[in-house]
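Here is a short note for someone opening this entry for the first time. Please read the points with the structure in view.

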Amino acid sequence: MNTNASTQGMVVHYMTILNIEQKKEKYGLDLLEWYFQIQRDLPWRKNHDPYRIWVSEIMLQQTRVDTVIPYYNTFMEKFPTIRALAEAPEDEVLKCWEGLGYYSRARNLQAGARMVIEQYNGQVPTTVEEVAKLKGVGPYTSGAIMSIAYNESVPAVDGNVMRVLSRFFLLEDDIAKASTRTNIEKLVLTMIPEGKARYFNQALMELGALICSPKSPSCLICPVMEHCESRIQGRELEIPYKTKAKKARVEYRVAVIVEGTGSDEGKILIRQRPNEGLLAGMWELPHILIDDSNAISLFEAEPKEQPELGAAISSFVYNEQKLLVRPYQWYSDEEHIFSHIRWKMRFYKADMDENLEVAHLNEQTEAVQVDSKVAQLEKDSEAALVDSENRVSDQLVAERSESYNSKVGSDTATDKGSQYRFINEADMNTLPFPNLFLKVIQQYWKKKEE
Ligand code: SF4
C-alpha cells in the first residue's frame, strides 16, 4: 500500500516536470475562463483607476471583502480623489477607518497620497519601482496596483495566492519564509498570460477567496482541479506548510471611565495617543500597563478586590493630568488582540467630585493641596465602600498609590505625553477610536440613557 502510494507520487512528479510549461498554460486558460464567468461585482472593479485600486488593496489587507465594501464606499465618497485624501485632517481619515483595525494602514495610505501630490503631481506613478516607494505599499500592493490598474505583468502574491499555487504545484516550502514568496513571485511571472495580467492576478485572488479556501477547499468545483498536484495526491489540507507565528504577548491593563464634573458634567475623559506607535493618533480611555509579577493574579481575582489596580490608574491619571479621580466601580473586562500583543483590560468607572478636582495646581501649593485632597479621598473611598458592594475600596489612598505605582512597570512610550479632553456622546462622531474603546464607550452611553 505504502509502496503504491509512493510510486504514484513519483509518477505524478515525473509527469509534472515533463508537462510544467503546458500545465502553466492550461492553468492560465482554465482560470481566466472561470474568472470571466464568476467574477464578483465589487465597487473597486468599476474601473481601473489606480487610486481606487490602491485604497481597496490597502483595506483588503487582513480584512474580508464583505467587511471592506461599506467602508470602501464611504471612504471613496468622502475622499474621492488623491488630493482630497492628502489634504484631509488625519482624524477624519482615521474616523472613516474606525472598526477596520490596523490603523497604521490608513495613516500610511494618507502619507502615500501626500507623496503622490508632492512628488508626482497628483498622479499615481506608473512604474513598479516608484509605486513600491509609496508609504505603506509593499511588494504585494505594488504588484496589485501595477497589474490591475496598468495591466503590467507584475506578480501580486499574498497569502491567498501562495496557498493556491503551493497546492497546485505541490510546493512544500514554508510560506512564512521570504524566500518562498520570492520564488512564488518568480513562478507567477512565468504564468501570466500575455496582455492579461490584470485579470490573471485578480483571478488568482478570487480562486483563493472563493474556492481554494484555507480549511475546506472546494476541489470538486475548482476550475484547475484536473492538474492540481495536491488534490491528486489527496494532500490539499496539508499544503501549504507554514511555521506557526509566535504567540501574542499578553499585557494586563487597567483602564478608567472618568465621569466629569462641573462644566464637564455628563462627559467622560479620553486621551489621544501620540502620533507614532501602536494605534497612533487614535482616541481612547486612559489606561496603564500593569507590569509586575502579580498582574495575572490581580486580573484573575474578583474586580472589586483590587484596590491596587484602582490606585495604579488613579496615580497615573494624576501624574499625567493633575486630576484626582476615584475608581468606584468595576465596569467590565475586555480583550483586544493585535497581531503580536493581547491586551487583557479591566475597566473601572471613576468619579471626580468637584471637590476632588485639582487640575492645574499652582506648583508651590501643590503638595499641600494634594495631601488634603488625598485625605478627603480616603474618607470618600471608605464611604464609597459602604455605599455599594461593587465599589472598589480605597483606591486613592495616596501611600498605596505611590507604593504600588513604584511596582508597576513604566508603561510603553505611547502612554506618555498624550493629549486629554472631556467629551460628550456627540463628540464620538468626529473622533476616531479603536474598536475596543468604541465598544466600551458606546455601551457606557447606552446604559446611561436606560
Ligand atoms: S483542486 Fe482543490 S487544492 Fe487544488 S487549487 Fe483547486 S481547490 Fe485548491
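1. The protein chain contains 17 helices and seven strands. The model is predicted, and the points below should be read with that in mind.

2. Of the 450 residues in the protein chain, 36% are buried. Taking contacts between residues at least 6 apart in sequence, 69% join residues at least 24 apart.

3. Three of the strands make up an open sheet, in the order E3-E2-E7, with antiparallel pairing. The edges are strand E3 (283–284) and strand E7 (419–423); each has a single partner strand, so one side of each has no neighbour in the sheet.

4. How is strand E2 joined to E3? Strand E2, residues 268–272, is linked to E3 by two bridges, and the two run antiparallel. For a place to look, Gln272 stands opposite Trp283 in E3.

5. Which residues are closest to the ligand? The ligand is surrounded by 15 residues, and the closest are Cys212, Pro217, Cys219, Cys222 and Cys228.

6. Two helices, H9 (159–169) and H12 (229–232), each supply at least two residues of the shell around the ligand. Helix H9 gives the most to this shell, with three residues.

7. Sorted by class, the shell around the ligand holds 10 nonpolar, two polar and three charged residues.

Conventions. Residues are numbered from 1 along each chain as its sequence is written. This is a predicted model: local features need pLDDT of at least 70, side-chain atom pairs count only at pLDDT 80 or more; totals for chains, interfaces and linings use all residues. Helices (H or I, at least four residues) and strands (E, at least two) are DSSP runs, numbered from the N terminus. A residue is buried if 20 or more other C-beta atoms lie within 10 Å of its own, exposed if 12 or fewer, and partly exposed in between; C-beta atoms are placed from the backbone. Two residues are in contact if their C-beta atoms, placed from the backbone, lie within 7 Å. Two strands pair if DSSP finds at least two bridges between them. A residue is near a molecule or strand if its C-beta atom, placed from the backbone, lies within 6 Å of it. Ala, Val, Leu, Ile, Met, Phe, Trp, Tyr, Cys and Pro count as nonpolar, Asp, Glu, Lys and Arg as charged, and the others, Gly among them, as polar.
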